[in-house]
Amino acid sequence: MKKDDCIYLGSLVKTHGANGEILLITDHQLKEYEKLESVFFEINKRLVPFFISTIRQKSNDSFFVVFDDINTETKAQEFLGCNIYLEKTRVIINSSKRGR
């Protein structure tokens with residue numbers, strides 16, 4: 001996946017609990033966030049797909065997310081600071097908050 005085919009969604013900022021849940025802070029207000037099935041993590045300047053196990057809203061711009069294959073706090077910590085992208089064809093946002 002190329003960055004040109006995606007929009008910047010936000011970043012992973014901290015772990016929550018011991019089961020690998022991660023706090024995602026977004027630059028957009030997501031609508032129908034519960035329909036999100038996957039996102040792309042930017043790792044070493046490449047976009048890598050990750051599938052969402054569960055997602056729940058904390059506030060308008062933050063979500064607790066559990067990703068497939070990230071099921072411990074230690075594993076989740078490896079991805080803190082990652083930028084998260086969403087494929088443009090799957091965009092389900094209301095508006096940009098910060099303009100990236």
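User: Hey, which residue in β5 does E42 stand opposite?
Analyst: That's L47: E42 stands opposite L47 in β5. Just keep in mind that this is a predicted model.

User: OK, and in what sense do β4 and β5 pair, and over how many bridges?
Analyst: They run antiparallel, with six bridges between them. The two strands make a hairpin with two residues between them. N44 sits in that turn and has a positive phi of about 50°.

User: Which other strand does β4 pair with?
Analyst: β4 also pairs with strand β7 (residues 83-87), again in the antiparallel sense, over two bridges. On that side, F41 stands opposite I84 in β7.

User: Why is β4 largely enclosed by the rest of the structure?
Analyst: Strand β4 covers residues 38-43, and five of its six residues are buried, so it is largely enclosed by the rest of the structure.

User: Switching to rings. How many aromatic pairs are there?
Analyst: Seven in the structure. One of them is F41 with F50, which is stacked, at 3.8 Å centre to centre and 15° between the planes.

User: Are F41 and F50 buried or exposed?
Analyst: Both F41 and F50 are buried.

User: And what does F50 do with F67?
Analyst: F50 and F67 form an edge-to-face pair, 6.4 Å centre to centre with 80° between the planes. That pair links distant parts of the chain: F50 is in strand β5 (residues 46-59) and F67 in strand β6 (residues 62-67), 17 residues apart. Both F50 and F67 are buried.

User: Which residues do the ring pairs link into a cluster?
Analyst: F41, F50, F67 and F79 are linked into a cluster by ring pairs.

Conventions: Residues numbered from 1 in each chain as written. Predicted model: local features only at pLDDT ≥ 70, side-chain atom pairs only at ≥ 80, totals over all residues. Heavy atoms only, no water. Phe/Tyr/Trp six-rings, centres within 6.5 Å; stacked < 30°, edge-to-face > 60°. Buried < 20%, exposed > 50% of the residue type's maximum accessible area, 1.4 Å probe, protein only. Helix = DSSP H or I, 4+ residues; strand = E, 2+ residues; numbered from the N terminus. Pairing = 2+ DSSP bridges.
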